[in-house]
Amino acid sequence: MCLHDMYTDCDVELLRYVADYRINLITPTGLSDNEIDGFQTGMREIMRYIKYSNDRKKLDKILETEQRFKNVERSAAEIINAATNSKIKIEQGKETIDMCLAIQEMKEESRNEGRIEGIQAFIQDKIEDNVSEDIIIAKLQKYFALDEETARQYYKIYMY
């Protein structure tokens, strides 16, 4: 590919002022799985993760089935984070990362954050509707499967 090929949505007049030269690029989405398998280092996992990072179902399947993702080099995991903005937690001092476990933890954390946001919105909505504290706490217990003490703590935190 040449540099001008990369500027697909650029005005043709402007391209006259841009030097044109060939450039060798590797685009993960343009590679087949067999071509990606040809990489012998952590680049294989980097390319495969990037290729499927926008397809959650395929990525989940790959993470579950490919054993190489259970032991990814730290540097490869850092590149994956930078390239895909995945926010995978990488513990200090660890030289390898179990990407399957890291993704599961990330999903669980996201679910918990969503649950907390739901609890907060629920409490604030009920307060706006002038529902009493006792009823809100009872409904928190019922709808969010909380014990009474935890429901009261959430109420105190989010009642404003």
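Buried here means under 20% relative accessible area. By that cut-off, 31% of the 160 residues of the protein chain are buried. The model on screen is predicted.

**Whole chain.** Followed from the N terminus, the elements of the protein chain read α-α-α-α-α-β-α-β-α-α-α. The radius of gyration is 24 Å, well over the 15 Å that the globule rule gives for 160 residues, so the protein chain is more spread out than a compact globule. Turn the view along the principal axes: the C-alpha atoms fill a box of roughly 70 × 45 × 30 Å. If you display contacts between residues at least 6 apart in sequence, 33% of them join residues at least 24 apart.

**Helices H4 and H6.** Next select residues 43–52, which form helix H4, and residues 74–84, which form helix H6. Two packed helices are described by the angle between their axes and the distance between the axes. For H4 and H6 the angle is about 25 degrees and the axes lie 9 Å apart. Angles under 35 degrees count as roughly parallel, and H4 and H6 are therefore roughly parallel to each other. The crossing of H4 past H6 is right-handed.

**Residues between them.** Now show side chains. On H4, pick Glu45, Ile46, Tyr49 and Ile50; on H6, pick Ala76, Ile79, Ile80, Ala83 and Thr84. These residues make the contact between the two helices. What is the division into nonpolar, polar and charged residues in the contact of H4 with H6? Coloured by class, the contact shows 7 nonpolar residues, 1 polar and 1 charged.

Notes
Residues numbered from 1 in each chain as written. Predicted model: local features only at pLDDT ≥ 70, side-chain atom pairs only at ≥ 80, totals over all residues. Heavy atoms only, no water. Axes fitted to C-alpha atoms, helices over the stretch in contact; angles between N-to-C directions. Helix = DSSP H or I, 4+ residues; strand = E, 2+ residues; numbered from the N terminus. Parallel < 35°, antiparallel > 145°, perpendicular 65-115°, else oblique. Left-handed = near helix turned anticlockwise from the far one by under 90°. Contact = heavy atoms within 4.5 Å. Nonpolar A, V, L, I, M, F, W, Y, C, P; charged D, E, K, R; others polar. Rg over C-alpha atoms; globule rule 2.2 N^0.38 Å. Buried < 20%, exposed > 50% of the residue type's maximum accessible area, 1.4 Å probe, protein only.
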